[in-house]
Amino acid sequence: MQTLETWHEIIEHGDPGRLDEVLAEDCVFVSPVVHTPQVGRELTTLYLTGAFHVLINDSFRYVKEVVSGDHAVLEFVCEVDGIQINGVDIMTFDAQGRIAEFKVMVRPLKAMNMLHAKMHAMLEELAAV
């Protein structure tokens with residue numbers, strides 16, 4: 001699937017500027033900490049760009065990938081501020097192969113709490129730009 005290949009290139013190069021290539025216009029982002037889904041490519045891009053700044057470092061890597069039909073689940077691991085993070089990116093693709101829904105789940109609780117604080121600060125910084 002081309003979208004998934006492009007996603008891996010975006011991650012490998014740390015290039016959130018290419019997110020428009022893979023996200024559907026009406027993409028929905030489901031955050032592990034925000035209670036309501038964030039609707040639209042613009043909001044999804046904002047959240048994913050924040051996540052790039054917080055999570056993507058030399059330790060970030062996908063360790064499992066399951067693809068079935070219009071869905072993909074990618075398990076990742078990384079370390080931020082000495083805390084080991086384990087999570088999954090769950091993607092649903094539309095008829096054009098673009099990401100229509102992007103859901104993130106993270107564990108353990110210590111990592112989730114740290115990410116919540118860091119993402120809040122990063123989103124405020126990105127919104128100010």
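**Close-up 1. The hairpin of strand 5 and strand 6 in this predicted model.** Five residues lie between the two strands of this hairpin, and G97 adopts a positive phi near 85°. Strand 5 (83-93) and strand 6 (99-107) pair in the antiparallel sense over eight bridges, where strands are DSSP runs of E with at least two residues, helices are runs of H or I with at least four, both numbered from the N terminus, and pairing requires at least two DSSP bridges between two strands. V88 has M105 of strand 6 as its bridge partner. Residues are numbered from 1 along each chain as its sequence is written. Local features need pLDDT of at least 70 and side-chain atom pairs pLDDT 80 or more, while totals for chains, interfaces and linings use all residues, and side-chain values use heavy atoms, without hydrogens and water.

Close-up 2. T3 is buried, with a relative accessible area of 9% (buried means under 20%, exposed over 50% and partly exposed in between, with a 1.4 Å probe and protein chains only). A polar atom of the T3 side chain lies 2.4 Å from the backbone oxygen of G97. Beyond neighbours within four places in sequence, T3 is in contact (heavy atoms within 4.5 Å) with V22, F93, G97, R98 and I99.

**Close-up 3. The buried and exposed residues of helix 3 (residues 109-128).** A111, M112, M114, L115, M119, M122 and L123 are buried in helix 3. They cover an arc of only 160° around the axis, taken from the directions to the C-beta atoms, so they lie on the same side of helix 3. The face turned away from this buried side carries the exposed residues L109, K110, E125 and A128.

Key:
Expected span 1.5 Å × (residues − 1). Polar contact = N/O pair within 3.5 Å; in protein donor to acceptor, adjacent residues only side chain to side chain.
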